[in-house]
Amino acid sequence: MSMAVVGLIVGMALGFAGYFGGFGAFLLVAALGAVGFVVGRFLEGDLEPGDFFRPRERDREHDGRRR
């Protein structure tokens, strides 16, 4: 399935939730969609659990300070 079709389906789901359920339902559908996206990326192997908890590497040469 192409990304355009996925975007169409997500947009329609959010539109229906917003129209029939109001803004609260819209936010709930959007939040659950985001959680489902992250879980799907984990299951596909594109993300590792440590990606969220590992500190970012800072480039010392660009921030101008020596540590």
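Start with a contact between two side chains: in this predicted model, Asp 46 and Arg 41 meet in a salt bridge, with 3.3 Å from N to O. That distance counts because a salt bridge needs the nitrogen within 4 Å of a carboxyl oxygen. The count of salt bridges comes to 1. How exposed are the two partners? Asp 46 is partly exposed, with a relative accessible area of 42%, and Arg 41 is also partly exposed, at 31%.

Now step back to the whole chain. The protein has 3 helices and 0 strands, so reading from the N terminus gives α-α-α. Of its 67 residues, 3% count as buried. The protein exposes about 6100 Å², and carbon and sulfur atoms supply 65% of that area.

Next, look for the aromatic rings. A pair of such rings is described by the distance of the centres and the angle of the planes. By this rule there are 3 aromatic pairs. In one of them, the rings of Phe 16 and Phe 20 have centres 6.0 Å apart and planes at 10°, so the pair is stacked. These two residues sit 4 residues apart in helix α1 (residues 3–44), which separates them by about one helical turn. Phe 16 is partly exposed at 49%, while Phe 20 is exposed at 63%.

Phe 23 and Phe 26 form another stacked pair, 6.1 Å centre to centre with 20° between the planes. They are 3 residues apart in helix α1, again about one helical turn. Phe 23 counts as exposed at 60% relative accessibility, and Phe 26 as partly exposed at 29%.

Finally, find Tyr 19: together with Phe 16 and Phe 20, Tyr 19 forms one aromatic cluster.

Key: Residues are numbered from 1 along each chain as its sequence is written. This is a predicted model: local features need pLDDT of at least 70, side-chain atom pairs count only at pLDDT 80 or more; totals for chains, interfaces and linings use all residues. Side-chain values use heavy atoms; hydrogens and water are left out. Buried means under 20% relative accessible area, exposed over 50%, partly exposed in between (1.4 Å probe, protein chains only). Accessible areas come from the Shrake-Rupley method with a 1.4 Å probe; for residues, only the protein chains shown count as cover. A salt bridge is a side-chain nitrogen of Lys or Arg within 4 Å of a carboxyl oxygen of Asp or Glu. Rings of Phe, Tyr and Trp (its six-membered ring) pair if their centres lie within 6.5 Å; planes under 30 degrees apart count as stacked, over 60 as edge-to-face and the rest as tilted.
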